[in-house]
Amino acid sequence: MSRFGYMLIGGGALTMPHAAFANAASAQGGPVIPSDLSVWGMFAQADWVVKLIMIGLVIASVVTWTVLVAKHLELARQRKSAEAFRDTLLAAPSLSALDQTASAHAIVAEAREEIAQSGGALDDREGLKERLVSRLDRYEARVARKMTQGVTILGTIGATAPFVGLFGTVWGIMNSFIGIAEMQTTNLAVVAPGIAEALLATALGLVAAIPAVVIYNHFARAIAAHRAIVSDSAAALLRIVSRDLSRGTLAGA
């Protein structure tokens, strides 16, 4: 046997070059050691379960970045509009002083509807204020629910992606140990490709989860800031209605 053959040194490590070992394994009917250890090569050689996990994690990552772009544009546009409307309410002395655009806003429409429904009970100022507060609170809750649409999926991805990737890793390493038992060798040249494929699933899980958590926290702060602006607008509208009630100029229809 040449010096490039099997040589048992120390713990019995195999020192045959990878290509020669692969040819020998192939000749004996065993599995051939993968030659392409790039990311795509590892994906192509992975078990079908690990492939499905990797594809799911890639899709989750694409969803994360899509939500980032779409939600950022939506929140930026709506926050600018909400700030302008809040400033309009802060400057208005009465409901009748609001221009046509401000009067058509949803929160003003909510207040006018409640005033119209309380047309025969405008003398009960405290009761009217309580009903207005209740209606405007529900309006704020609807705005908050609308703002969180599409964001909750980021929390789901951030919480589950690492565990999904870990499942792919466990499955891949399990297959590697099965390969060790079948080939009856612990040579790293044989088991390393399978372990690398398994660890790739964990890496993809982290790639999907980390941006999702960061983006989710960013949107949570942005939505809280937007809700504060809506709350300021509701408080300004309540003050306007209170002024009209004190002046006796609040129309009941």
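These are my notebook entries on what I looked up in this predicted model.

**Entry 1: ground rules**

I count residues from 1 along each chain as its sequence is written, and for side-chain values I use heavy atoms, with hydrogens and water left out. Since the model is predicted, local features need a pLDDT of at least 70 and side-chain atom pairs count only at pLDDT 80 or more, while totals for chains, interfaces and linings use all residues.

**Entry 2: confidence**

I checked pLDDT, the predictor's confidence in each residue, from 0 to 100. The protein chain has a mean of 78. In it, 76% of the residues reach 70 or more. Which helix has the lowest mean pLDDT? Among the elements of the chain, that is α1 (residues 18–27), at 40. Helix α3 (residues 48–91) has the highest, at 90. I also noted that pLDDT is below 50 over residues 1–32. Beyond near neighbours in sequence, that stretch has 28 contacts in the model. A contact means heavy atoms within 4.5 Å.

**Entry 3: the chain as a whole**

I looked up the elements next. Helices (H or I, at least four residues) and strands (E, at least two) are DSSP runs, numbered from the N terminus. The protein chain has 8 helices and 0 strands. For contacts with a separation of 6 or more, residues 24 or more positions apart account for 75%.

Accessible areas come from the Shrake-Rupley method with a 1.4 Å probe, and for residues only the protein chains shown count as cover. The accessible surface of the chain comes to about 14,300 Å². Carbon and sulfur atoms hold 63% of it. How many of the 253 residues count as buried? The share is 36%. Buried means under 20% relative accessible area, exposed means over 50%, and partly exposed lies in between (1.4 Å probe, protein chains only).

**Entry 4: the cores**

A nonpolar core is a set of buried Ala, Val, Leu, Ile, Met, Phe, Trp, Tyr and Cys residues joined through side-chain atoms within 4.5 Å. The largest one here has 31 residues. Leu89, Leu95, Ile107 and Leu237 touch the most other members. Helices α3, α5 (106–117), α6 (125–148) and α8 (188–247) each supply at least two residues of this core. The largest share, 10 residues, comes from α8. Apart from this core lies another, of 9 residues, including Ile53, Leu57, Ala161 and Ala209.

Leaving aside neighbours within four places in sequence, Leu95 is in contact with Arg112, Ile115, Leu237, Ile240, Val241, Asp244 and Leu250.

**Entry 5: helix α7**

Is Thr169 buried or exposed? Thr169 is buried, with a relative accessible area of 5%. This residue lies in helix α7 (residues 152–183).

Met174 is partly exposed, at 38% relative accessible area. I compared positions with Gly194, 20 residues away along the chain. The two C-alpha atoms are separated by 9.3 Å.

**Entry 6: salt bridges**

Side chains of opposite charge can pair when their charged atoms come close. A salt bridge is a side-chain nitrogen of Lys or Arg within 4 Å of a carboxyl oxygen of Asp or Glu. By this rule the count comes to 9.

Arg79 and Glu83 meet in one of them, at 3.3 Å from N to O. Both lie in helix α3, 4 residues apart, about one turn of the helix. Arg79 is partly exposed at 34%, and Glu83 is partly exposed at 28%.

Where do the partners Arg135 and Glu113 lie? Arg135 is in helix α6 and Glu113 in helix α5, so the pair ties together parts 22 residues apart in sequence. Their closest N and O atoms are 3.6 Å apart. Arg135 is buried, at 18%, whereas Glu113 is partly exposed, at 39%. Shared partners join Glu110, Glu113, Glu114, Arg131, Arg135 and Arg142 into one network of salt bridges.
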